[in-house]
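I opened the model today to look up a few residues and a few helix contacts. My notes follow in the order I made them.

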Amino acid sequence: MYEDSEVLCSASRYTKKYYFNPKFDKLPQGVKDELKIMCVLFTEEVGGVILLMYDKDGNLRLLTEAEEDDILYDEIGSELKIRQLREDKKDLFYQLEQFYEAFYLE
């Protein structure tokens, strides 16, 4: 599923940690801060893990996953929240795809 993908950032409700891939340190600090806030709030609201990943073509993917025995994970809520993020942050996600295309695709 994650073959040929590159993680931009992720957050986990389980570990209470946020990860930002240092490869993308060229991004402005404001963008990095916005991604961190978005990911952490997502996991606090619906639980589980959120990953923002670039596929091999440079498309930004938002993925969520949860541990099998996590009864608190809101699967329906996570899908609704992903749709909301895609709508609310479409300009940011478009710019992130353009950034990836400009600096990392051959």
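This is a predicted model: local features need pLDDT of at least 70, side-chain atom pairs count only at pLDDT 80 or more; totals for chains, interfaces and linings use all residues.

**Entry 1: Leu 8.** I started by listing the contacts of Leu 8, leaving aside its neighbours within four places in sequence. Leu 8 touches Tyr 19, Phe 20, Asn 21, Phe 24, Leu 27, Leu 35, Leu 52, Met 53, Tyr 54, Leu 60 and Leu 96. I found Leu 8 itself in strand β1. Is Leu 8 buried or exposed? Its relative accessible area is 0%, so I noted Leu 8 as buried, the cut-off being under 20%. I also took one distance: Leu 8 and Lys 89 lie 81 residues apart in sequence, and their C-alpha atoms are 15 Å apart in space.

**Entry 2: confidence.** The average pLDDT over the chain is 94, and 98% of the residues score at least 70. Where is confidence lowest, and where is it highest? I read the lowest mean, 94, in α2, and the highest, 98, in strand β2, which covers residues 17–20.

**Entry 3: Leu 60.** Leu 60 was on the contact list of Leu 8, and I looked it up next. Leu 60 sits in strand β4, residues 60–65. Its relative accessibility is 9%, and therefore Leu 60 also counts as buried.

Entry 4: I looked up Lys 32 in helix α1. At a relative accessible area of 14%, Lys 32 is buried. Beyond four places in sequence, Lys 32 touches Tyr 18, Phe 20, Asp 25 and Leu 27. Then I went to Lys 16, in the loop between β1 (6–12) and β2. Lys 16 is exposed, because its relative accessible area is 58% and the cut-off for exposed is over 50%. What is the phi of Lys 16? The value is positive, about 60°, although the residue is not a glycine. I noted this because most residues other than glycine have a negative phi.

**Entry 5: α1 and α2.** Two packed helices are described by the angle between their axes and the distance between the axes. I looked up both values for helix α1 (residues 29–46) and helix α2 (residues 75–88): the axes come within 10 Å and cross at roughly 155°. An angle over 145 degrees counts as roughly antiparallel, so α1 and α2 are roughly antiparallel to each other. The crossing of α1 past α2 is right-handed. From α1, Met 38, Phe 42, Glu 45 and Val 46 take part in the contact, and they meet Gly 77, Ser 78, Lys 81, Ile 82 and Leu 85 of α2. I sorted the residues of this contact into 5 nonpolar, 2 polar and 2 charged.

**Entry 6: α1 and α3.** For α1 and helix α3 (residues 90–103), the axes come within 12 Å and cross at roughly 125°. The angle therefore makes α1 oblique to α3. Here α1 passes α3 in a left-handed crossing. Val 31, Glu 34, Leu 35 and Met 38 of α1 make the contact with Leu 92, Phe 93 and Leu 96 of α3. I sorted these residues into 6 nonpolar, no polar and 1 charged.

Key. Residues are numbered from 1 along each chain as its sequence is written. Side-chain values use heavy atoms; hydrogens and water are left out. Axes are lines fitted to C-alpha atoms, for helices over the stretch in contact, and angles run from 0 to 180 degrees between N-to-C directions. Helices (H or I, at least four residues) and strands (E, at least two) are DSSP runs, numbered from the N terminus. Angles under 35 degrees count as roughly parallel, over 145 as roughly antiparallel, 65 to 115 as roughly perpendicular and the rest as oblique. A crossing is left-handed if the near helix is turned anticlockwise from the far one by less than a right angle, and right-handed if clockwise. Contact means heavy atoms within 4.5 Å. Ala, Val, Leu, Ile, Met, Phe, Trp, Tyr, Cys and Pro count as nonpolar, Asp, Glu, Lys and Arg as charged, and the others, Gly among them, as polar. Buried means under 20% relative accessible area, exposed over 50%, partly exposed in between (1.4 Å probe, protein chains only). pLDDT is the predictor's confidence in each residue, from 0 to 100.
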